[in-house]
Amino acid sequence: MLELFRNPKNLGKIKDADASATAGSLACGDMITIYLKVDEKTEKIIEASFESYGCAANIAASSILTELIKEKYLQEAWKISWKQVSDELGGLPSIKLHCGILAVGALRRAIRAYYKNRERPEWLPEELTPEERQALEEEELMNILGKKMRAVSTKPSEKEV
Amino acid sequence: MIGNLSSNLRALIEAHGRPEREVYLDLENSGLIFEEALNELLKSYRESGYGHPSITHKPGWSSLELLLEAKENLLSFIKARDGEVVFTHSGTEANNLAIMGLAKATPNRRKIIISSIEHLSVKFPAERLQELGFRVMEIPVDDEGFVNLDYLSDQIDEEALMVSVAAINHEIGTVQDLRAIADVVRDKDPETIIHTDACDALGRTPLDFGKLEIDIASFSGHKIHAPKGVGALYVRDGIKLEPIIHGQLSSQSLWPGVENIPSIAGFSKAIEIFRENFDNYREKMKNLRDILIGGILSQIDDAFLNGPRGDRRAVDNVNVSFLGCEGEALTVELSLRGVYVSSGSACTSRTLEPSHVLLAIKRPYEIAHGSILMKTSPLHGEKDIEYALGQLVKAVERVRSIAPKGVV
Ligand SMILES: Cc1ncc(COP(=O)(O)O)c(C=O)c1O
C-alpha cells in the first residue's frame, strides 16, 4: 500500500477523457476524481486515471482501482466492488473502508456519465446500486457531520441531557 | 490476525529505508526522553526505587524518599505554597481524577464548565458525567483559542462545580490568561473550583501557583521528556477529591496500587532539568519555532498558521494548514522523508471528524483537514529544523500534485 502511495499508478488528469466523475468533497477531507477513456466501438476502457485529495489509503485505493479496470469492458468495470479493492490492497483497515467505497462510487459515477448522452445498456441499472448509495451516504454522512460540527463550532453550545 | 498485521507493519517500516536525517517533531503525541531522566529511571529500578514506598524496610524507605523528593520538586517548580501532589499513571489519569474525583466528592453541584478546546482527557470525562446527570457547558473561544470571559462569567453560579481550562492548548498553543479566568470565576462564586490541565504548560511558560488562584492542576511526564506512563495532579489544601480507582492502599490517599517510583524519579529529574535551564530552553524552543513558522509561511503558498502569534503562543507550538493538501497523506509523505509530525485531519483522528480544536476556532473544514502539528524542543538543533523545513516544502508540493486541480 505504501508503495502505491509512493509511486501511484495512473495519477493525473486525462485531458480528452470520455467521462469523469468525482466522489467525496473537500469538506469531508476525502475526494476522488476518476477519468476514463473508452473505445467507442467495443466499450472497453483504454485508459483510466485518478486524482485524489485524501489520505494515503485513499490514494492507494484509487491507484489500484484504475489498474483493475484498464482494458476491461465498462460492463466488467461496473461490477468491481469496494471489497475487491480492499482485498487487492491486502485488506483495508475498517476505518479506511470508506476510501474504497468512495473510489468505487467515483468509478460508477464516471460510467454513468459516459452513458449520459448515449443509450443506456441493459446491464446498467436505472436505480442507484447499493454501492453508489453507500458512496452517497458516505458523502451525506460527512456533510451532516460537517454541518453539525460547524454549528457546534460557531455557536456557544449548551449540552444537556 | 496480529501476525499478519505485524508483518505488514514490518514491511511499512522497512519501506522507509534510510533517510538522510530523522527529525521527530510529533512531541504532542509523545517521544524523546532526556538521557539523564532515563538514567535516573534505570538507577531507580536497579538501586534506589524498586521497593514499595509504604512498606517498612530499607528499600521501601528509599522509594518513599524518592517519592517525597519528586513531590517537593514539582511543588517548587510550580511555586506552590501549599497543597499536595499525587502521582498517577498518566496526564489522562490526572485529568480524570480531577474531574470525576471532584464530582464524586461534591455531588450537590451539578454544572461542569470546560472550554471548547480542551484535550479529550478533559472533554470525555466531562461528557461521561453528563451521562450521569451533570450538566456540561462548553465555553466558546475566539479564533485564536482564547476563552470568552464574558460568557464564562455568565455561567458561574452556585450550581457550578468546576471550571477547567488548559493553561496552554495542546494543539494551537494558546497561552490562556489563567489569572483573568480565576478572577472572573472567584468574582462570581468563590466556591467554584478551578482546574487547569497544565500538561503542555510545564516548562513552557512560568507557572506560579503561589500567586494564581488555581485549585487543581494536571501534569504529564512525557510532555517534558520524562518517561511515559507517569502523571501528576496538584491539589491545593482544602480541596476535597475522592479517588476514582480503588485498590490496595498506597502512600497516596487519592491513588491506590504500587507507585511507579522509577518513572516518578525520571519525571522528577526532567523537572529539575527544565527548572535549571528554564529561560535558556524557552528561548531555544521559541527560536526554533519561529524559524519553522517563518520558513513555512514564506516558502509555501496557501499556508496558514493556526493559533495566536508571538508571546501569546506556546514557545514550542507550530500548527499550520496547507490548502489542497490532505494532512494524513502529508504525515505519511513526511515520514518517508524522515520527518515525523501529526495532523488534525479526520483521517488521523480515527473518528472521521477533524480536530475539534480547529473547528472551535472556526477554521473551515478544508483547513482543518490540511493541518500539521509540530513541536520544537530543547533536544532539537537548528540543523534539524532546517532539514524538516526543506522536506516539508517538497512533501507539500508532492501531496498537492496528487489532488484534483482547482482545489487550491
Ligand atoms: C494538554 C494535555 N492533556 C493531557 C494529556 C494526556 O497526558 P498523557 O499522555 O500522559 O495521558 C496530554 C498529552 O498528550 C496533553 O497534551
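Predicted model: local features only at pLDDT ≥ 70, side-chain atom pairs only at ≥ 80, totals over all residues.

Select residues 178-188 of chain B, which form helix 7. Now colour the buried ones: B:Leu178, B:Ala180, B:Ile181, B:Ala182, B:Val184, B:Val185 and B:Arg186.

**Stop two: a pocket.** Together with B:Val175, B:Gln176, B:Thr205 and B:Pro206, B:Leu178 lies nearest the centre of the second largest pocket. In total, 16 residues line this pocket, and its volume is about 290 Å³. How does the lining divide by residue type? Eight of the lining residues are nonpolar, six are charged and two are polar.

**Stop three: B:Gln252.** Jump to the loop between strand 8 (231-235) and helix 8 (261-276) of chain B, where B:Gln252 sits. Is B:Gln252 buried or exposed? B:Gln252 counts as buried because its relative accessible area is 3%, and the cut-off for buried is under 20%. Show what surrounds B:Gln252: setting aside neighbours within four places in sequence, its contacts are B:Lys71, B:Val85, B:Val86, B:Phe87 and B:Glu259. Zoom in on B:Phe87, whose backbone nitrogen is reached by the B:Gln252 side chain at 2.8 Å.

To finish, draw a C-alpha to C-alpha distance from B:Gln252 to B:Tyr281: the two are 29 residues apart in sequence and 32 Å apart in space.

Conventions. Residues numbered from 1 in each chain as written. Chains lettered and ligands numbered in written order. Heavy atoms only, no water. Buried < 20%, exposed > 50% of the residue type's maximum accessible area, 1.4 Å probe, protein only. Helix = DSSP H or I, 4+ residues; strand = E, 2+ residues; numbered from the N terminus. 1 Å grid on protein atoms, 1.4 Å probe; cavity = no way out; pocket = protein on both sides within 12 Å on 5 of 7 lines; lining within 4 Å. Points joined across faces, edges and corners; volume = space filled by probe spheres on them. Nonpolar A, V, L, I, M, F, W, Y, C, P; charged D, E, K, R; others polar. Contact = heavy atoms within 4.5 Å. Polar contact = N/O pair within 3.5 Å; in protein donor to acceptor, adjacent residues only side chain to side chain.
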